[in-house]
Amino acid sequence: MKTLKKILCVIIIICFIPIFSASAEETSGTSLFEEILDAYLDTHLDGRSESEVLKATLLKLIEDHPELLNEIIDALIGSGDKYSFYMSPEEYLKFQNQTTYGGIGIQLRPDADKPLIDVVTPSGPAQIAGIKVGDQIVEIDGFDVSASTVIVCSGLLRGETGAPVRLKIKRGDEILSFSLVRKNLPSQVVSFHYIDSDILYIKISSFLGSDFLPQFVKAIDEYYRGSATRYIIDLRDNAGGSVLNMLDMVNYLITEPGLSLISMFDKDGNDLSYYTTGRGLPVDKIVMLTNKNTVSASESAAFIMQGHDLATIVGETTYGKGVAQTLKKFSDGSAAYIVAYIFKDGKGETYDGVGVIPDVPVSNNIIDVPFPKMDAFNHENYTTAIHALSQRLVYLGYIRDYTDTWNLEITAALAAIQKTSELPMTGELDLYTFQHITDIINIKKVQNHYDDLQLETAIAEVRKP
């Protein structure tokens, strides 16, 4: 009942206060609506309950003002908390696609200043076409990329699902041509590398995506075959995602079976509890990195591991979102994520509204990083203009070296920039591309730079016996 009243008050404030008289404006929309509602309920002959009147009012409002439907639904879904949200059919479609990208299913690595294919995704367009690990990409859609950076090649390879892409591949002394069609592929949310021979660093940017667990298992398995027995799992700036993905990851790190991980309680007190299977891999030590942008499912991972003394948490107190939404789909293709559960451990404790407090608190510091000196563009001098352009492209990672002469590497770099910024892909420096590069550089100039004292501390912690 209070929810319906709140929704109507919000709608009145947003949409209808401007039409009230000056004297009515002096009274808040909420107070005025409640005053009129109370008078109606006390006086009207029909004797309907408050909830019946409010529901009828909403339906009448939608009937008379269909253009307000989305605003009314937004007010309804968001009336009880700050995490529930509604998505129109178009917004929900975009939301579904945020964990995928249009590509051909390869990962690249730089090798002697040339882009080599390092990974070919099973069943992806590249594998089906016969592209192999170790092949060198020399041309993408007519642009010579034989000496381009991985950033440039990746930018040119990605595109709309279903769009064609033409490649030339060097394999040994042979040049092979391929015509592929991009398909939806899972985004890479897990990256990893060795810090020392026995320390594996794993960065998890999100728990979204159906491909999360294979990505995480690949990181663990590949290095478990080596000598890595100590892990740093970086959950900083991780906005969460699938609770089940998070639980799969935690389960993979714990060898003891039947250990209570977490319980999710609904509004009626019913709970969903999760336990370990005992199929995790033995690990000597785990350190998890968190900050204030470690949110939701990523907080739960730290909460679970800390609660069982299975990991040392280093960094900052997390955001404090200890509730989970459930997805509800509607007949018109729209959808809503509605808060339905609160996380609690075996002791009934929660981190909601509090966050997970690190075992080793440490903040990164803003540091002074001088911005590199760059020449001004001189449109009357071709050589100096190209040099100034190359300075900017080197800084942004699109080319490797400064140059005074136009070359194919610059052409491919500009084409990649144009594609990612949805400009006409010509490979030439037109006014719009020049302005876009200038805008990026100006943003970079005012960005803060931080040391990574948190990571340094995590490395020291994970090395301890």
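Modeller: What follows covers the fold, the salt bridges, the aromatic pairs and the surface patches.

Biologist: What kind of model is this, and how are residues numbered?

Modeller: This is a predicted model, in which local features need pLDDT of at least 70 and side-chain atom pairs count only at pLDDT 80 or more, while totals for chains, interfaces and linings use all residues. Residues are numbered from 1 along each chain as its sequence is written, and side-chain values use heavy atoms, with hydrogens and water left out.

Biologist: How many helices and strands does the chain have?

Modeller: There are 15 helices and 21 strands. Both are DSSP runs numbered from the N terminus, helices being H or I with at least four residues and strands being E with at least two. Along the principal axes, the C-alpha atoms fill a box of roughly 90 × 60 × 50 Å.

Biologist: What share of the residues is buried?

Modeller: Of the 465 residues, 41% count as buried. Buried means under 20% relative accessible area, exposed means over 50%, and partly exposed lies in between (1.4 Å probe, protein chains only).

Biologist: Turning to charges, how many salt bridges are there?

Modeller: The structure holds 11. The criterion is a side-chain nitrogen of Lys or Arg within 4 Å of a carboxyl oxygen of Asp or Glu. One of them joins Asp135 and Arg171, at 2.7 Å from N to O.

Biologist: Why does the pair of Asp135 and Arg171 tie together parts that are apart in sequence?

Modeller: Asp135 sits in the loop between helix H7 (125-129) and strand E5 (136-140), whereas Arg171 belongs to strand E7 (residues 164-171), so the pair ties together parts that are 36 residues apart in sequence. Asp135 is buried at 3% relative accessible area, and Arg171 is partly exposed at 26%.

Biologist: Where does Asp234 lie, and which residue does it meet in a salt bridge?

Modeller: The side chain of Asp234 meets that of Lys203 in a salt bridge of 3.7 Å, N to O. This pair links distant parts of the chain, with Asp234 in strand E12 (residues 230-234) and Lys203 in strand E11 (residues 199-204), 31 residues apart. Asp234 is buried, with a relative accessible area of 2%. A network of salt bridges links Lys203, Asp234, Arg236 and Asp452.

Biologist: And Arg109, which residue does it meet?

Modeller: Arg109 meets Asp118 in a salt bridge of 3.1 Å, N to O. Arg109 is partly exposed at 30% relative accessible area, and Asp118 is also partly exposed, at 36%.

Biologist: Let us change topic. How many aromatic pairs does a search of the whole structure find?

Modeller: The search finds 10. Phe95 and Tyr337 form a tilted pair, 5.4 Å centre to centre with 55 degrees between the planes. That pair links distant parts of the chain, Phe95 in helix H6 and Tyr337 in strand E18 (residues 335-344), 242 residues apart.

Biologist: What are the cut-offs for such pairs?

Modeller: Rings of Phe, Tyr and Trp (its six-membered ring) pair if their centres lie within 6.5 Å; planes under 30 degrees apart count as stacked, over 60 as edge-to-face and the rest as tilted.

Biologist: Now the surface. Which residues form the negative patch?

Modeller: The negative patch is formed by Glu67, Glu71, Asp74, Glu90, Glu91 and Asp332. Patches are made of residues with over 30% relative accessible area and no salt bridge, with like charges joined within 9 Å and nonpolar side chains (Val, Leu, Ile, Met, Phe, Trp, Tyr) within 5 Å. Helix H5 (69-77) and helix H6 (89-96) each supply at least two residues of the negative patch. Glu67 is found in the loop between helix H4 (50-64) and H5, and is exposed at 55% relative accessible area.

Biologist: Which residues form the nonpolar patch?

Modeller: Tyr382, Trp406 and Leu429 form that patch, with about 310 Å² of accessible area together. Such areas come from the Shrake-Rupley method with a 1.4 Å probe, and for residues only the protein chains shown count as cover. Tyr382 lies in helix H12 (residues 382-395) and is exposed, at 57% relative accessibility.

Note on methods
Lys and Arg count as positive and Asp and Glu as negative; His and the chain ends are not counted. The place of a charge is taken as NZ of Lys, CZ of Arg, CG of Asp or CD of Glu.
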